[in-house]
Amino acid sequence: MEKILNIDGRQVKFKSTGAFLLKYKAQFGKDAIQDIIRLSKSIDEDTKEINSIETFDLEVFYNLVWTLAKTADPTIPPPMEWLDTFSEFPLIEIIPEVTDMIFSCLTSTVPSKKK
C-alpha cells in the first residue's frame, strides 16, 4: 500500500510492505504490533481521528509515520532529522491519511475459509 501526501508544500511518499514491522523494530527496538494496538485505542476506527488524547502516544505515531516514509524512500534521514525538515507537520490531517496503512498489518485481505 502506497500513498503520497502533501506536507509542508512537499510531496511525501509513504509505503507499507511486509517488511514494515521489521523495519520499525530494527530502528526503534520495539514491537510494532504492540505499539500499533496501543495507538489504535486512541484513534476512532470510523473517523480516523484522535478520540483520546490521554492515550495517544505522539512518539509512537511519529515513529510509525517515519517508518512508512523510510519504507517508501530509503534515503530519508533518521527520524528527528527528517521531522526537522518540516516547518509544519499537521497531525490532524496526516493521521486519517496514514491510519489505514499503519493498521493494515493487523488485518487480512484473504477471506476466512472457516465456516
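This briefing walks through the fold, the core and some individual residues of the structure above. The model is predicted. The protein has five helices and two strands. Along the sequence, they follow the pattern β-β-α-α-α-α-α. A nonpolar core of 31 residues is the largest one, and both strands and every helix from α1 to α5 each supply at least two residues of it.

**Overall picture**

- The protein has 115 residues, and 37% of them count as buried.
- Its accessible surface comes to about 7,200 Å². Carbon and sulfur atoms account for 53% of that surface.
- Take the contacts between residues at least 6 apart in sequence: 64% of them join residues at least 24 apart.
- The helices are α1 (20-28), α2 (32-40), α3 (58-72), α4 (79-84) and α5 (91-103).

- Strand β1 covers residues 2-7, and strand β2 covers residues 10-15.
- The two strands pair in the antiparallel sense, over six bridges.
- Asn 6 stands opposite Gln 11, a residue of β2.
- Two residues lie between the strands of this hairpin.
- Asp 8 belongs to the loop between β1 and β2. Its phi is positive, near 55 degrees, although Asp 8 is a residue other than glycine.
- Asp 8 has a relative accessibility of 28%, so it counts as partly exposed.
- In a regular strand, side chains alternate between the two faces of the sheet.

**The nonpolar core**

- Within the largest core, the residues with the most contacts are Phe 14, Phe 61, Trp 82, Phe 89 and Val 98.

**Aromatic rings**

- The structure holds seven aromatic pairs.
- One of them joins Phe 86 and Phe 89 in an edge-to-face arrangement. The ring centres are 5.1 Å apart, with 65 degrees between the planes. An angle over 60 degrees counts as edge-to-face.
- Phe 86 and Phe 89 are both buried.
- Ring pairs also build a cluster, which links Phe 61, Tyr 62, Trp 82, Phe 86 and Phe 89.
- The charged end of Arg 10 sits over its ring, 4.0 Å from the centre.

- Asp 35 is found in helix α2. Its relative accessible area is 2%, so Asp 35 is buried.
- Beyond four places in sequence, Asp 35 touches Tyr 24, Lys 30 and Val 60.
- Ser 16 is found in the loop between β2 and α1. Ser 16 counts as buried because its relative accessibility is 11%, and the cut-off for buried is under 20%.
- Leaving aside neighbours within four places in sequence, Ser 16 is in contact with Met 1, Leu 68, Met 101 and Ser 104.

- Pro 77 has its place in the loop between α3 and α4. Its relative accessible area is 26%, so Pro 77 is partly exposed.
- Not counting residues up to four places away in sequence, Pro 77 touches Trp 66 and Trp 82.
- Pro 77 and Trp 66 are 11 residues apart in sequence. From C-alpha to C-alpha, they are 9.6 Å apart in space.
- Glu 54 has its place in the loop between α2 and α3. With a relative accessible area of 70%, Glu 54 is exposed.
- Glu 54 and Ser 42 are 12 residues apart in sequence. Their C-alpha atoms are 7.9 Å apart in space.

Terms used
Residues numbered from 1 in each chain as written. Predicted model: local features only at pLDDT ≥ 70, side-chain atom pairs only at ≥ 80, totals over all residues. Heavy atoms only, no water. Pairing = 2+ DSSP bridges. Helix = DSSP H or I, 4+ residues; strand = E, 2+ residues; numbered from the N terminus. Phe/Tyr/Trp six-rings, centres within 6.5 Å; stacked < 30°, edge-to-face > 60°. Buried < 20%, exposed > 50% of the residue type's maximum accessible area, 1.4 Å probe, protein only. Lys NZ or Arg CZ within 6 Å of the ring centre and 35° of its normal. Contact = heavy atoms within 4.5 Å. Areas by Shrake-Rupley, 256 points an atom, 1.4 Å probe, with all protein chains shown as cover. Core = buried A, V, L, I, M, F, W, Y, C linked by side-chain atoms within 4.5 Å.
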